[in-house]
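This text leads through one protein chain, from its overall form to a few single residues. Please keep the sequence and the model at hand while reading.

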Amino acid sequence: MAKIEDKALRPLTVVSLGQKDILFVSDAHLGSGADSRERERELCLLLAEKVRPGMAVVLLGDMVDFWFSYRYTVPRGFSRLIGKLSELCDSGVEIHYFTGNHDMWMFSYLTEECGLTLHTDEAVLEAAGKRFLVGHGDAQGSPDRMFKLWRRMFRSHFNQRLFALLPPALTFPIAHRWSDHNKRRHLCQGPARYLGAEREGIVRYCQARLQVEHYDYCVFGHRHTPVATAIAPGSTYVNLGDWLYRRNYALFSAESGLLTLHDRHEECGRKD
Ligand SMILES: [Mn+2]
């Protein structure tokens, strides 16, 4: 717990979004599963329908299942999403992309190609008088030591440079197998469920930070458990769920000051 408290004092980047409405999405894991192309199309459709010029889009990690930005080449796929994000940026939409544990090797490609802002750490967003603590959630109070060790290894600049020297034909199949293995392991454990404030590492982390400063909303992904629940007076924890299985997204209205979690499948009358 002491460790979380120490970390809670760490100052974070503050992003001011003025009076913007915000669309939040996370965990699309594009590139994985047979329905990936369809999922990507549906995501682009959501962006086309919900996002207007002057709005902000906040992508909270694991949007693709695996990515590595080489210096001169980029991985295959995701052309629709990258095109859509570029188009939105060009039309004056402010896009913030927070890397997760599957897309942490995004580096500067999307920043240079689309014009979006990339974040490799959580941040504080300010919009319409509300404060949001946002991030992917893989680094926040995860109890799994092994996971933390892998995370540190993958984020090491030395290891990243080493990886860049190896041919993609060798590294990509390994990365995809690793990702599939993790997914199978999670599927065996059944669908992720919200465990309650005491047992959710992200919530415990948010509560520690709330001791230091106020946030109206703490918004994270990673857990694939759509939930909106009060975790302190005037503070709501929102886990975005995912776009992978549930097609969740959240919308913040600057006018009402409210953040609402949505389920696209439910809206479309689909039962999955
Ligand atoms: Mn994740």
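Two residues are in contact here if their C-beta atoms, placed from the backbone, lie within 7 Å. Among the contacts between residues at least 6 apart in sequence, 70% join residues at least 24 apart. The structure itself is a predicted model.

The protein has nine helices and 12 strands. Its radius of gyration is 18 Å, close to the 19 Å that the globule rule gives for 272 residues, and therefore the protein is as compact as a globular protein of that length. The C-alpha trace spans about 50 × 45 × 40 Å along the principal axes. Of the 272 residues, 34% count as buried.

The next element to look at is a sheet. Six strands form this open sheet, with mixed pairing, in the order β5-β4-β3-β2-β11-β12. At its edges stand β5 (117–119) and β12 (258–263); each has a single partner strand, so one side of each is left without a neighbour in the sheet. On average, neighbouring strands of this sheet are turned by 20 degrees against each other, direction ignored. In a regular strand, side chains alternate between the two faces of the sheet.

Strand β2 (residues 22–25) runs parallel to β3, and four bridges join the two. Strand β4 (residues 94–98) is mostly covered, with four of its five residues buried. Its pairing with β5 is parallel and extends over three bridges. Here Tyr 97 has Leu 118 in β5 as its bridge partner.

Among the helices, how enclosed is α8 (residues 201–210) by the rest of the structure, and why? Helix α8 is largely enclosed, because seven of its 10 residues are buried. The buried residues in α8 are Ile 202, Val 203, Tyr 205, Cys 206, Gln 207, Ala 208 and Arg 209.

The phi angle of Asp 62 is near 55 degrees, a positive value in a residue other than glycine.

The other residue, Arg 247, is found in the loop between β10 (235–239) and β11 (248–253). Strand β11 belongs to the six-stranded sheet, where it stands between β2 and β12 in the order. With 23 C-beta neighbours inside 10 Å, Arg 247 counts as buried. For Arg 247, phi is near 55 degrees, again a positive value in a residue other than glycine.

Notes:
Residues numbered from 1 in each chain as written. Predicted model: local features only at pLDDT ≥ 70, side-chain atom pairs only at ≥ 80, totals over all residues. Buried ≥ 20, exposed ≤ 12 C-beta atoms within 10 Å, placed from the backbone. Pairing = 2+ DSSP bridges. Axes fitted to C-alpha atoms, helices over the stretch in contact; angles between N-to-C directions. Rg over C-alpha atoms; globule rule 2.2 N^0.38 Å.
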